[in-house]
Amino acid sequence: MTTLVTGATGHTGRHVVAGLKAAGVRTRVLVRDKSKAPDGVDAVHGDITDPARAAEGVDAVYLLWPFFTADGIEAAVKPFEGKKIVYLSAMSAEAGGVWGDVEAAVRHVTDDWTFLRVTGLATNALAWAPQARAGVVRAAYGQAKRSVVHERDVADMAVKALTEDHAKQIYLVTGPEAVAQAEQVRLIGEALGTPVTWEEQPPEEAVAQLGAALGTEFAESAVHYWASLVEDPEPVSLDVPRVTGHPARPFAEWAREHFS
Ligand SMILES: NC(=O)c1ccc[n+]([C@@H]2O[C@H](COP(=O)([O-])OP(=O)(O)OC[C@H]3O[C@@H](n4cnc5c(N)ncnc54)[C@H](OP(=O)(O)O)[C@@H]3O)[C@@H](O)[C@H]2O)c1
């Protein structure tokens with residue numbers, strides 16, 4: 001049995017590789033730069049849009065689709081036909097979008113799929129790091145409450161799904177509670193050992209700032225979504241404890257790991 005990990009140099013993928021190694025699973029990674037590949041695994045150079053060489057002889061795949069559109073997904077998943085695919089998806093896949101399109105393409109090539117739908121990754125907060133180190137984070141909707149999940153919990157779910165039978169399961173993968181963004185920033189300050197405060201940014205300024213990096217359409221929908229989370233927090237799921245056998249890691253733990 002060989003398992004292919006895509007995104008192995010990224011936040012979740014590196015822990016998926018470590019978890020598979022610990023479980024004694026033969027692991028291969030698909031990387032764009034071999035010098036960045038984790039130690040002790042078979043590294044195949046390539047791009048996720050053309051994974052045929054990396055897919056040869058593998059039985060299972062941890063799939064990440066790191067793009068904002070699903071253009072090219074059908075060709076990209078073709079080499080994984082009939083294999084087990086564990087895909088890092090998003091709660092919003094329900095409503096379609098890139099994640100919904102990738103899920104559909106995956107279902108088309110295999111019956112042995114598992115979708116890990118996250119509400120949000122705690123690693124999004126790394127974007128605040130420079131401001132946090134300077135003491136003030138200026139962003140929109142500090143009272144938006146998000147159940148962001150630690151990347152190690154995503155990886156633990158992925159390792160379970162890759163090594164056990166979780167065919168046709170859709171898991172909602174969240175942290176143990178919904179934490180207001182301003183509170184996340186306060187917890188980052190605790191981890192840094194210096195207070196960090198939240199400064200409310202007008203939504204239109206947030207759209208312009210985010211839009212410059214990720215496109216206006218994405219920025220508008222993200223900021224609109226955060227606004228909704230002030231009154232209606234993101235859900236908290238018990239799928240992490242149910243599948244992994246341990247509680248989901250709290251945001252405070254994530255902040256200590258990344259900021260202290
Ligand atoms: N942020 C959220 O809240 C959220 C919510 C739902 C779902 N997601 C999903 O989670 C993904 C991010 O996962 P993550 O945090 O584990 O990853 P990450 O830390 O963002 O790293 C991205 C990984 O993808 C690799 N990669 C990028 N472009 C590639 C390409 N063309 N071919 C092959 N590999 C490529 C990168 O490799 P290099 O080292 O070569 O750059 C890196 O290993 C997002 O793309 C999204 O689909 C995120």
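Reader: Hi! Which residues come nearest to the ligand?
Author: Hello! In this predicted model, Thr9, His11, Thr12, Arg32 and Asn124 come nearest, out of 23 residues around the ligand.

Reader: Nice. What does the side chain of Thr9 do there, and how far is its N or O atom from the ligand?
Author: An N or O atom in the Thr9 side chain sits 2.5 Å from an oxygen atom of the ligand. Thr12 also has a polar side-chain atom 2.5 Å from a ligand oxygen.

Reader: And which side chain has an N or O atom 3.0 Å from a nitrogen atom of the ligand?
Author: That would be Asp47.

Reader: How much of the ligand does the protein bury?
Author: The protein buries 80% of the 940 Å² that the ligand exposes when taken alone.

Reader: Okay, what is the shell around the ligand made of: how many nonpolar, polar and charged residues?
Author: Eleven residues of the shell are nonpolar, nine are polar and three are charged.

Reader: Which domains does the shell draw on?
Author: Domain 1 (2-118) and domain 2 (119-150 + 174-234 + 249-260) each give at least three residues to the shell. As for secondary structure, helix 1 (11-22) and strand 5 (84-90) each supply at least two shell residues.

Reader: Changing topic: how many aromatic pairs does the structure hold?
Author: There are seven aromatic pairs in the structure. One of them joins Phe68 and Phe218 edge-to-face, with 4.8 Å from centre to centre and 70° between the planes.

Reader: Why does that pair tie together parts that are apart in sequence?
Author: Phe68 is in the loop between strand 4 (60-63) and helix 3 (73-77), while Phe218 belongs to helix 9 (residues 216-231), so their pairing links parts 150 residues apart in sequence.

Reader: Which residues form an aromatic cluster?
Author: Tyr87, Trp113 and Phe115 make up one aromatic cluster.

Reader: Last one, back to helix 9. What about Ala227, which is found there?
Author: Ala227 in helix 9 is partly exposed, at 27% relative accessible area. Ala227 and Gln143 are 84 residues apart in sequence, yet their C-alpha atoms are 8.6 Å apart in space.

Note on methods. Residues are numbered from 1 along each chain as its sequence is written. Side-chain values use heavy atoms; hydrogens and water are left out. A residue is near a molecule or strand if one of its heavy atoms lies within 4 Å of it. A polar contact is a pair of N or O atoms within 3.5 Å; within protein, one must be able to donate a hydrogen and the other to accept it, and residues adjacent in sequence count only if both atoms are side-chain atoms. Accessible areas come from the Shrake-Rupley method with a 1.4 Å probe; for residues, only the protein chains shown count as cover. Helices (H or I, at least four residues) and strands (E, at least two) are DSSP runs, numbered from the N terminus. Ala, Val, Leu, Ile, Met, Phe, Trp, Tyr, Cys and Pro count as nonpolar, Asp, Glu, Lys and Arg as charged, and the others, Gly among them, as polar. Domain bounds come from an automatic or database domain assignment. Rings of Phe, Tyr and Trp (its six-membered ring) pair if their centres lie within 6.5 Å; planes under 30 degrees apart count as stacked, over 60 as edge-to-face and the rest as tilted. Buried means under 20% relative accessible area, exposed over 50%, partly exposed in between (1.4 Å probe, protein chains only).
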